Amino acid sequence: MFLFQMDLKSLFIVAVTLFSSALCQTEEAASAKLLVSKQVLNKYLVESMDVVVKYTIYNIGNSVATNVVVSDSSFPPEAFEIQGGQFKFVIDRVPPQTNVTHVVIVQPKSYGAFNFSFAEVSYKASENAEDLQVGISSEPGEGRVVPYYEYYKKFSPHLGDWAAFAFMTLPPLLIPFLLWFQSKTKYEKLAGGKTKKSKD
């Protein structure tokens, strides 16, 4: 009898455990799961030139994510000036199996190495959820902002340099040509005069 009671208790515990596990799995299956990608799109980061930062939020879950807040503090205002967008933004809803994109444009105020770390994200995993889910985005890592004059020196068309080069090479080419042309004209006149006298 005692063994039979123990078996009933064990069965009851197993049944409760399985029910709780199934309930948790059902709740997880019906919840939102966000992945956040942070990208710096520029190939070169240049002082006083636009830098484009793109945030993409993917909802890979089966429920709508609500009250999504993304905050990024890796672009300090003393080093970067915002030209468009915001580094803290709120998205009301991200439907399941969709993505949302947000773009921020900044200009570096100075050159040097900067650490572009992750952004923080918080959201509710369903419309009826009370607890906030917290996560972080991908991390672009360290980037180097080059001085404007260094970038200009490497990538500008150098039209002024070519114009100066042409101006400096013009006299050595033009002066010999003028001397040759004068002597040619002089000899042609002399040759023309001799021909005229011989005919007379």
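**Entry 1: the chain.** I am working with a predicted model, so I keep that in mind throughout. I counted 3 helices and 11 strands in the chain. Reading from the N terminus, I get the order α-β-β-β-β-β-β-β-β-β-β-β-α-α. Of the 200 residues, 24% come out as buried. I also looked up the accessible surface, which is about 14400 Å², with 61% of it belonging to carbon and sulfur atoms. Then I checked contacts between residues at least 6 apart in sequence: 70% of them join residues at least 24 apart.

**Entry 2: an open sheet.** In what order do the strands of the open sheet of 4 strands lie? I read β1-β3-β7-β5, with antiparallel pairing. The edges are β1 (34-40) and β5 (80-84), each of which pairs on one side only. On average, neighbouring strands here are turned by 30° against each other, direction ignored. I then zoomed in on β1 and β3, which run antiparallel and are joined by 7 bridges. One pairing I noted down is K38, whose bridge partner in β3 is Y55.

**Entry 3: the core.** Y55 turned up again when I opened the largest nonpolar core, which has 27 residues. Y55, I57, V68, V70 and F75 are the ones that touch the most other members. Several strands supply at least two residues each, among them β4 (65-71), β6 (88-94) and β7 (98-108). Which strand gives the most to this core? That is β3, with 4 residues.

**Entry 4: N59.** Is N59 buried or exposed? Its relative accessibility is 2%, and the cut-off for buried is under 20%, so N59 counts as buried. N59 lies in strand β3, residues 51-59. What do the polar atoms of its side chain find? One lies 3.3 Å from the backbone nitrogen of K33. The backbone oxygen of P95 also has a polar atom of the N59 side chain at 3.3 Å. K33 and P95 are both among the residues N59 touches, along with others including A32, L34, V64, V94 and T98.

Conventions. Residues numbered from 1 in each chain as written. Predicted model: local features only at pLDDT ≥ 70, side-chain atom pairs only at ≥ 80, totals over all residues. Heavy atoms only, no water. Buried < 20%, exposed > 50% of the residue type's maximum accessible area, 1.4 Å probe, protein only. Polar contact = N/O pair within 3.5 Å; in protein donor to acceptor, adjacent residues only side chain to side chain. Contact = heavy atoms within 4.5 Å. Pairing = 2+ DSSP bridges. Axes fitted to C-alpha atoms, helices over the stretch in contact; angles between N-to-C directions. Core = buried A, V, L, I, M, F, W, Y, C linked by side-chain atoms within 4.5 Å. Areas by Shrake-Rupley, 256 points an atom, 1.4 Å probe, with all protein chains shown as cover. Lists of a residue's contacts leave out its neighbours within four places in sequence.
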